[in-house]
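Dear colleague,

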Amino acid sequence: MDYFKVQKTVALNGTINVSGAKNASLPLLFSSLLAEGKHSFSNIPNLEDVHLSFKLLRYLGCEIEINTKPVFDQKAESLNSVTITVPKILKNIAPYELVRKMRASILCLGPLLTRCYQAKVSLPGGCAIGLRPVDYHIEGLRLLGADLRLLEGYIDAKSKGPLVGANMDLQFPSVGATENIIMAAVLAEGSTCINNASVEPEVLDLITYLKKMGADISVSTFIDEKKIKKNKITINGVEKLKAASHKVIPDRIEAGTFLIAGAMTGGDLYLHNVQACHLGGVLEKLKQLGCTVEVDNTKGKDSIYLHANKPVVAMDIKTEVYPGFPTDLQAQWMAMMTQAKGKSLVEESIFENRFMHIPELNRLGASIKVNKSTAIISGPCLLKGASVMATDLRAGSSLVLAGLVASGETQVHRIYHLDRGYEFLDHKLSSLGALIKRCS
Ligand code: EPZ
């Protein structure tokens, strides 16, 4: 099994192109099921999860054409364009064998149900970062008039005819539930209103594509009874959608990971193909840390320059839904805080078990304690290289970042987790001067 060997790196310097967003690509690929015909996508990252989506789409009856181009001196390939040909008649079963490998496969439920009036999708299994139930998805589709039962580990969904629009309040602005319900509602009869919906950039990118296919969707806000501002998504169902083409938004989590790596190694970084506005409060936090952060989003430019002026200082964060601090950057921020002078608090409010990287960071010599959903990091710590294990995608990236500042050699194992969500991580880091090598 592959692993990374990482050596202490003085400062990351140089320029990288940010890849397309994994968490935008997956719902976009499954949204193609909503309309017969040729859908073409560009800026789709060459990731394990993307290939798992292709496998499921092929299983459902789609044809996938991938046009690649060599990058990093032929050592890797990026996906130049992806064309999905969706047939008139689809298979409507997503088997356990495919779904168990990738939870996001649940995002084929809404499209299959609203197009075929029947869908059988395996329940996604457990996950390292939390229980991650799909009750909001199921509840939302039931409100659209579908009959959903859990049968032998599968969600067995049926509707007598077209789904029917409805008003609903999400208990929590779940990304996946919002995406599944929108995709079901676009072909439903009448209007659907999702109150307390998620408006993460990836959700909005899905909406952009659905509208290109002919969907009628609007996003607005309202003040709830507790005077809290919340987001609302309104979908007026249409009879038919048509295939279209779309360029996926850049990956803000990949961008954030590199910016944090730059800040903690005292680097000078240029990130291209990045949308600064998607990074919400992260750039503000990096500026408060003392980094110079310059954004250039003149048309076609979209780049961020970061210069780490001085050692990082202790700074607390609390993960929140967009535009708050993203939970997918929590582990990387924690790795950086091991190098900060003083105590910092990292509170995780989205997932109940997203501290699996802490014992591994402590193995490298960090000093991190946990009190319920808050981690207390004391620093600065002189980290020393050791063998550590990635338990999930973002935890894995925090260990690579820690390896960049640890003396000696750090071996990060189970990097298949990283390959699911970071395109060419080792090539990109090496191009910035990092001492990292993939070994098998
Ligand atoms: C998406 O997961 C992302 N994955 C996650 O990124 C990301 O961490 C998460 O959103 C939050 O931003 C993809 O887009 C493929 P949620 P999702 O539904 O949709 C609870 C990464 O590292 N919940 O917003 O599964 C849930 O347990 C991954 O790239 C229910 O209780 O997240 C969690 O505590 C990891 N019932 C919270 O809501 C439901 O039906 C947020 O989950 C749905 C969710």
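With a relative accessibility of 2%, Glu 179 falls under the 20% limit and therefore counts as buried. Please bear in mind that the model is a predicted one. Glu 179 is part of helix H6. Beyond its neighbours within four places in sequence, Glu 179 is in contact with Asn 23, Pro 27, Leu 107, Glu 202, Val 203 and Leu 206. One of these residues, Pro 27, is 152 residues away from Glu 179 along the chain, yet 7.1 Å separates the two C-alpha atoms.

Helix H6 also has a helical partner. H6 (residues 175-185) packs with helix H5 (residues 135-143) at an angle of about 25 degrees, and the axes are 8 Å apart. Since angles under 35 degrees are classed as roughly parallel, H5 and H6 are therefore roughly parallel to each other. Their crossing is right-handed. On the H5 side, the contact is made by Tyr 136, His 137, Gly 140 and Leu 141, and on the H6 side by Gly 176, Ala 177, Asn 180, Ile 181 and Ala 184.

Most residues other than glycine have a negative phi, and most peptide bonds are trans. Two non-glycine residues with positive phi are described next.

Arg 132 has a phi near 50 degrees. Arg 132 is located in the loop that runs between strand E7 (118-122) and H5. Its relative accessible area is 30%, so Arg 132 is partly exposed.

Asn 196 has a phi near 60 degrees, again a positive value in a residue other than glycine. The loop holding Asn 196 lies between strand E11 (191-195) and helix H7 (201-212). Here the relative accessible area is 9%, so Asn 196 is buried.

Finally, there are cis peptide bonds to report. The bond from Tyr 322 to Pro 323 is cis, with omega near 5 degrees. Pro 323 belongs to the loop between strand E18 (317-318) and helix H10 (330-337). The bond from Gly 379 to Pro 380 is likewise cis, and its omega is near 0 degrees. Pro 380 sits in the loop between strand E21 (374-379) and strand E22 (387-389).

With kind regards

Note on methods
Residues numbered from 1 in each chain as written. Predicted model: local features only at pLDDT ≥ 70, side-chain atom pairs only at ≥ 80, totals over all residues. Heavy atoms only, no water. Axes fitted to C-alpha atoms, helices over the stretch in contact; angles between N-to-C directions. Helix = DSSP H or I, 4+ residues; strand = E, 2+ residues; numbered from the N terminus. Parallel < 35°, antiparallel > 145°, perpendicular 65-115°, else oblique. Left-handed = near helix turned anticlockwise from the far one by under 90°. Contact = heavy atoms within 4.5 Å. Buried < 20%, exposed > 50% of the residue type's maximum accessible area, 1.4 Å probe, protein only.
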